[in-house]
Amino acid sequence: MEEVRLGNQGLTVSRIGLGCMGMSEFYGPADEEEAMATIHRALELGINFLDTADMYGVGRNERLVGRAIEDRREEVVLATKFGIVRAEDGTRLGINGRPEYVQRACDASLLRLGVDHIDLYYQHRVDPDVPIEETVGAMGELVEAGKVLYLGLSEAAPETIRRAHATFPISALQSEYSLWSRDPEDEVLPAVRELGIGFVAYSPLGRGFLSGGITAPEDLPEGDWRRNNPRFQGENFRKNLELVERVKEIAAEKDVTPAQLALAWVLHRGEDIVPIPGTKRRRYLEENAAAVEIELDPQDLERIEEALPKGAAAGNRYDESTLRTVNL
């Protein structure tokens with residue numbers, strides 16, 4: 001697996017990463033044995049960039065990742081996040097970017113992960129009540145203390161990114177980016193490229209929709225958060241299914257899976273963009289890893305653009321309350 005630079009601060013990661021969120025929550029029942037095996041298989045394939053967060057499973061995901069890499073820490077570029085606060089029962093308590101909380105959250109993540117440092121530490125969401133300079137200043141102190149190597153932001157607006165980067169160098173900006181979520185192309189991608197910040201694309205498979213395996217809302221397991229997502233409901237679902245059918249046609253002609261085609265498209269958007277498709281099963285991990293070998297020529301890219309033009313997806317990518325927490 002090729003490695004690429006993520007930003008200009010010295011961080012290098014595998015060409016694609018592994019999103020670990022679904023191994024503990026949100027996407028149906030968890031299977032920790034298979035999840036651990038999936039992480040180990042990722043490392044065997046050269047996928048060294050693992051992405052978790054303290055709010056995934058209310059800490060359970062960090063503990064899972066920590067156990068999986070316990071004897072292989074040197075092989076891993078470990079990324080986690082803070083800022084979305086949840087109670088033990090999972091209730092969301094808001095966003096916290098206060099400097100004193102940054103320190104506590106980092107120490108708690110280090111303990112759960114069982115490591116002495118975090119390679120890439122993100123602010124998961126911007127706290128509108130705390131100046132970004134204060135939050136990032138506290139994150140910079142973690143770097144100076146050796147607890148963190150590189151800093152990142154998630155779902156931040158261009159002006160916030162600029163102010164943060166002026167406070168302490170930011171290595172990566174993480175945001176949703178895929179064939180059906182292309183908002184970052186307007187302002188965020190130009191801003192991070194100007195500043196020399198890498199871009200990490202989460203949900204590059206459209207939360208699984210672009211894989212072609214979801215044909216009805218009932219295909220989603222009970223408790224799967226996508227059942228309440230606007231793009232997976234009613235008329236939006238039907239319209240988006242039509243878009244996926246177009247992707248499936250192009251994929252079949254190239255003898256690849258729809259998921260591989262969607263991932264290859266993201267990979268072709270630039271070497272400064274690193275997708276982190278999430279999965280909790282080895283067979284999907286191996287399918288995703290093979291996408292790095294797929295070549296898309298200008299004609300392929302033009303056909304994909306015609307099939308799924310920018311803005312084609314029906315429905316917001318989050319519900320209204322969650323949308324209010326992004327791009328701040």
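Trainee: Is the crossing in which H3 passes H4 left-handed or right-handed?

Mentor: Helices (H or I, at least four residues) and strands (E, at least two) are DSSP runs, numbered from the N terminus. A crossing is left-handed if the near helix is turned anticlockwise from the far one by less than a right angle, and right-handed if clockwise. The crossing of H3 past H4 is right-handed.

Trainee: What kind of model is this?

Mentor: Residues are numbered from 1 along each chain as its sequence is written, and side-chain values use heavy atoms, with hydrogens and water left out. Local features need pLDDT of at least 70, side-chain atom pairs count only at pLDDT 80 or more, and totals for chains, interfaces and linings use all residues; the model is predicted.

Trainee: Why does H3 count as oblique to H4?

Mentor: Axes are lines fitted to C-alpha atoms, for helices over the stretch in contact, and angles run from 0 to 180 degrees between N-to-C directions. Angles under 35 degrees count as roughly parallel, over 145 as roughly antiparallel, 65 to 115 as roughly perpendicular and the rest as oblique. The axes of H3 (residues 99-113) and H4 (residues 132-144) come within 8 Å and cross at roughly 40 degrees. That angle is why H3 and H4 are oblique.

Trainee: Which residues of H3 make the contact with H4?

Mentor: Contact means heavy atoms within 4.5 Å. H4 contributes Glu-134, Thr-135, Ala-138, Met-139, Glu-141 and Leu-142. From H3 come Pro-99, Val-102, Gln-103 and Cys-106.

Trainee: At what angle do H4 and H5 pack?

Mentor: The axes of H4 and H5 (residues 158-167) are 9 Å apart, and the helices pack at an angle of about 40 degrees. That makes H4 oblique to H5, and their crossing is right-handed. The angle asked for is about 40 degrees.

Trainee: Which residues of H5 make the contact with H4?

Mentor: On the H4 side, the contact uses Ile-132, Glu-133, Val-136 and Gly-137. On the H5 side are Thr-160, Arg-163, Ala-164 and Thr-167.

Trainee: Why are Trp-180 and Phe-232 called edge-to-face?

Mentor: Rings of Phe, Tyr and Trp (its six-membered ring) pair if their centres lie within 6.5 Å; planes under 30 degrees apart count as stacked, over 60 as edge-to-face and the rest as tilted. The structure holds eight aromatic pairs. In the pair of Trp-180 and Phe-232, the centres are 6.1 Å apart and the planes stand at 85 degrees, so the pair is edge-to-face.

Trainee: How many residues lie between these partners in numbering, and where are they?

Mentor: Trp-180 is in the loop between S10 (172-176) and H6 (188-195). Phe-232 is in the loop between S11 (198-202) and H7 (234-253). The pair links distant parts of the chain, with its partners 52 residues apart.

Trainee: Which charged residue sits over the ring of Trp-180?

Mentor: Ring pairs link Trp-180, Phe-209, Phe-232 and Phe-237 into a cluster. A charge sits over a ring if NZ of Lys or CZ of Arg is within 6 Å of the ring centre and within 35 degrees of the ring normal. At 5.0 Å from the centre of the Trp-180 ring is the charged end of Arg-231.

Trainee: Is Glu-155 buried or exposed?

Mentor: Glu-155 lies in the loop between S9 (148-154) and H5, and has a positive phi of about 55 degrees although it is not a glycine. Buried means under 20% relative accessible area, exposed over 50%, partly exposed in between (1.4 Å probe, protein chains only). At 3% relative accessibility, Glu-155 counts as buried.

Trainee: What is the relative accessible area of Asn-327?

Mentor: Asn-327 lies in the segment after H11 (320-323). Its phi is near 60 degrees, a positive value in a residue other than glycine. Asn-327 is partly exposed, because its relative accessible area is 46%.

Trainee: How far apart are the C-alpha atoms of Lys-81 and Ser-109?

Mentor: Lys-81 lies in S5 (residues 77-82) and counts as buried at 0% relative accessibility. Not counting residues up to four places away in sequence, Lys-81 touches several residues, among them Asp-51, Tyr-121 and His-124. Lys-81 and Ser-109 are 28 residues apart along the chain, and their C-alpha atoms are separated by 8.6 Å.
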